[in-house]
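Keep the structure open beside you and try each task before you look at its solution.

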Amino acid sequence: MLGSVRFVLELTYPGGVGAPSAIQWLITMNFLHYAIVMFVACCAVLIGVSLMTPAPDRKKLAGLTFATVNDKMDITPVVGQYKPAAETAREHRLNVIFSVVLVLTILLLYIKFW
């Protein structure tokens, strides 16, 4: 929704020329900075909805969140289907390392091109 609003405003007022001063900053803002604004808005909506709605039954979350990875799920057995092995300690460590490297790379690129 926020992206659509900005897109329509950019088409209506190219370069912010003729736009009301109250929304001119929105039109002329760099798209990467606008992405940060949209990310923060999405996080606020996500947290707000999460706090206003009741938590689902834990059995419905089994296997879907980090906290419920090892919980028992209500399942029906399927014969002949491959089930991958559980994550080993080494794989977990690699996943954490690569995640940290990814976040640092994104931050460094943001700082370099800001």
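A residue is called buried when its relative accessible area is under 20%, exposed when that area is over 50%, and partly exposed in between. The model you are looking at is a predicted one.

**Exercise 1. Tyr-34**

Task: Find the helix that holds Tyr-34, decide whether Tyr-34 is buried or exposed, and list its contacts beyond the neighbours within four places in sequence.

Solution: 
- Step 1: Look for the element. Tyr-34 belongs to helix α3, which covers residues 31-52.
- Step 2: Compare with the cut-off. Tyr-34 has a relative accessibility of 7%, so it counts as buried.
- Step 3: Look around it. Once neighbours within four places in sequence are set aside, Tyr-34 touches Leu-2, Gly-3, Arg-6, Leu-26 and Met-29.
- Step 4: From C-alpha to C-alpha, Tyr-34 is 32 Å from Pro-54, and the two are 20 residues apart in sequence.

**Exercise 2. The salt bridge**

Task: How many salt bridges does the structure hold, and which side chains meet in a salt bridge?

Solution: 
- Step 1: Count. The structure has one salt bridge.
- Step 2: Name the partners. Arg-6 and Glu-10 pair through their side chains, with 2.5 Å from N to O.
- Step 3: Check accessibility. Arg-6, at 7% relative accessibility, counts as buried, while Glu-10, at 33%, counts as partly exposed.
- Step 4: Link back to the previous exercise. Arg-6 is also among the contacts of Tyr-34.

**Exercise 3. His-33**

Task: Which residues does His-33 contact, leaving aside its neighbours within four places in sequence?

Solution: 
- Step 1: Locate the residue. His-33 is in helix α3.
- Step 2: Classify it. With a relative accessible area of 27%, His-33 is partly exposed.
- Step 3: List the partners. Apart from neighbours within four places in sequence, His-33 is in contact with Tyr-110 and Trp-114.
- Step 4: Relate sequence to space. His-33 and Trp-114 are 81 residues apart along the chain, and 9.3 Å separates their C-alpha atoms.

**Exercise 4. Pro-84**

Task: Where is Pro-84 found, and is Pro-84 buried or exposed?

Solution: 
- Step 1: Find the place. Pro-84 lies in the loop that runs between α4 (58-61) and α5 (89-113).
- Step 2: Use the cut-off. The relative accessible area of Pro-84 is 55%, so Pro-84 is exposed.
- Step 3: Pro-84 and Leu-26 are 58 residues apart in sequence, with 48 Å between their C-alpha atoms.

**Exercise 5. The whole chain**

Solution: 
- Step 1: Look at the box. Along the principal axes, the C-alpha atoms fill roughly 65 × 35 × 30 Å.
- Step 2: Turn to burial and surface. Of the 114 residues, 9% count as buried. The chain exposes about 10300 Å², and carbon and sulfur atoms supply 72% of that area.
- Step 3: Finish with charges. There are 9 positive and 6 negative side chains, and the centres of the two sets are 5 Å apart.

Definitions and conventions. Residues numbered from 1 in each chain as written. Predicted model: local features only at pLDDT ≥ 70, side-chain atom pairs only at ≥ 80, totals over all residues. Heavy atoms only, no water. Buried < 20%, exposed > 50% of the residue type's maximum accessible area, 1.4 Å probe, protein only. Areas by Shrake-Rupley, 256 points an atom, 1.4 Å probe, with all protein chains shown as cover. Lys, Arg positive; Asp, Glu negative; His and termini not counted. Charge placed at Lys NZ, Arg CZ, Asp CG, Glu CD. Salt bridge = Lys/Arg side-chain N within 4 Å of Asp/Glu carboxyl O. Helix = DSSP H or I, 4+ residues; strand = E, 2+ residues; numbered from the N terminus. Contact = heavy atoms within 4.5 Å.
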